[in-house]
Amino acid sequence: MKKELEGKIKRLDNSVDKLRIRRKDSDNLKVTENVFDNATLKALYTLSNKGIVQALGGSISTGKEANVFLADGEEEDIAIKIYRISSSSFRSMEDYILGDPRFSNIRHNKRDIVFAWTKKEFRNLMRAKQAGVRVPEPIITERNILIMKFMGENGKPYPLLKDMKIQKEDGQMIFETVIDYMHKLYVDANLVHGDLSEYNILIDPEDLTPVIIDMGQSVTLEHPRADQFLKRDIENIARYFKRYKIEESPESIYARIKEPEPEN
């Protein structure tokens, strides 16, 4: 049994080696080595054995806490987000997990916090999607791995808002949609994003619809710092959209987001 498992891990490790060969610069090699430890390789094999991951592709993005890879799913492209256990700054994660009633029993060690964070992002994405916010559709989690529907076309991810060149009138439309999403998160999903800015909003080039990403840090309204995080999100969005001559005050945006849904 042990030899069989070692053989399966070796085969998956070989696919990672091929990824390393394709991505030759030393920084990418270092990132790959930090991500694919033995436990993560085993978890990837589990997902592969279930038919969820058919083939691992190249890197989509590299963040402070996680890397995202493109992969072939059973029927469509998927995104594999792998949180790094060895190098994650779990102290910053604690600010968002501690105080969230959904995770009151989490032990304060790095591995358990990273696993909780991964599940937290899955749940937050589910709640956001159910509230009508466009987000990557979550598929499954396994340890420190989150599988989502890939947001892009032909293997190329949708561009970030920060990288888009948008006409003034389109900027207004995107702004209104983002505020509507923040409202739906708050009123319908009972969530505050917690780190919203032009760096974690994708734009679908087809219709310029925003797609909200990176919801691991999102908190419920019961969190003691939820209002503080909401005001910070609003300030980020108001600051960015000033370039499109949108001068709505943070106070006005705050009131719009918290406004209750009208009763039928």
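Arginine 256 is partly exposed, with 28% relative accessible area. This is a predicted model. Its partner is glutamate 176, and the two form a salt bridge with the closest N and O atoms 2.6 Å apart. The pair links distant parts of the chain: arginine 256 sits in helix H8 (residues 250-258) and glutamate 176 in helix H6 (residues 168-187), 80 residues apart. Glutamate 176 is also partly exposed, at 31% relative accessible area.

The structure holds 12 salt bridges. Another one joins lysine 50 to glutamate 142, where the closest N and O atoms are 3.8 Å apart. Lysine 50 lies in the loop between helix H3 (38-49) and strand E1 (55-62), and glutamate 142 lies in strand E4, so this pair ties together parts 92 residues apart in sequence.

Aspartate 227 is partly exposed at 30% relative accessibility. Lysine 231 is partly exposed at 41%. Elsewhere, salt bridges with shared partners join Lys81, Glu121 and Asp214 into one network.

Glu74, Glu75, Glu76 and Glu137 form a negative surface patch. Patch members need over 30% relative accessible area and no salt bridge. Glutamate 137 has 35% relative accessibility, so it counts as partly exposed. Glutamate 137 lies in the loop between helix H5 (110-130) and strand E4 (138-142).

Conventions
Residues numbered from 1 in each chain as written. Predicted model: local features only at pLDDT ≥ 70, side-chain atom pairs only at ≥ 80, totals over all residues. Heavy atoms only, no water. Patch = residues over 30% accessible without salt bridge, like charges linked within 9 Å, V, L, I, M, F, W, Y side chains within 5 Å. Areas by Shrake-Rupley, 256 points an atom, 1.4 Å probe, with all protein chains shown as cover. Salt bridge = Lys/Arg side-chain N within 4 Å of Asp/Glu carboxyl O. Lys, Arg positive; Asp, Glu negative; His and termini not counted. Charge placed at Lys NZ, Arg CZ, Asp CG, Glu CD. Helix = DSSP H or I, 4+ residues; strand = E, 2+ residues; numbered from the N terminus. Buried < 20%, exposed > 50% of the residue type's maximum accessible area, 1.4 Å probe, protein only.
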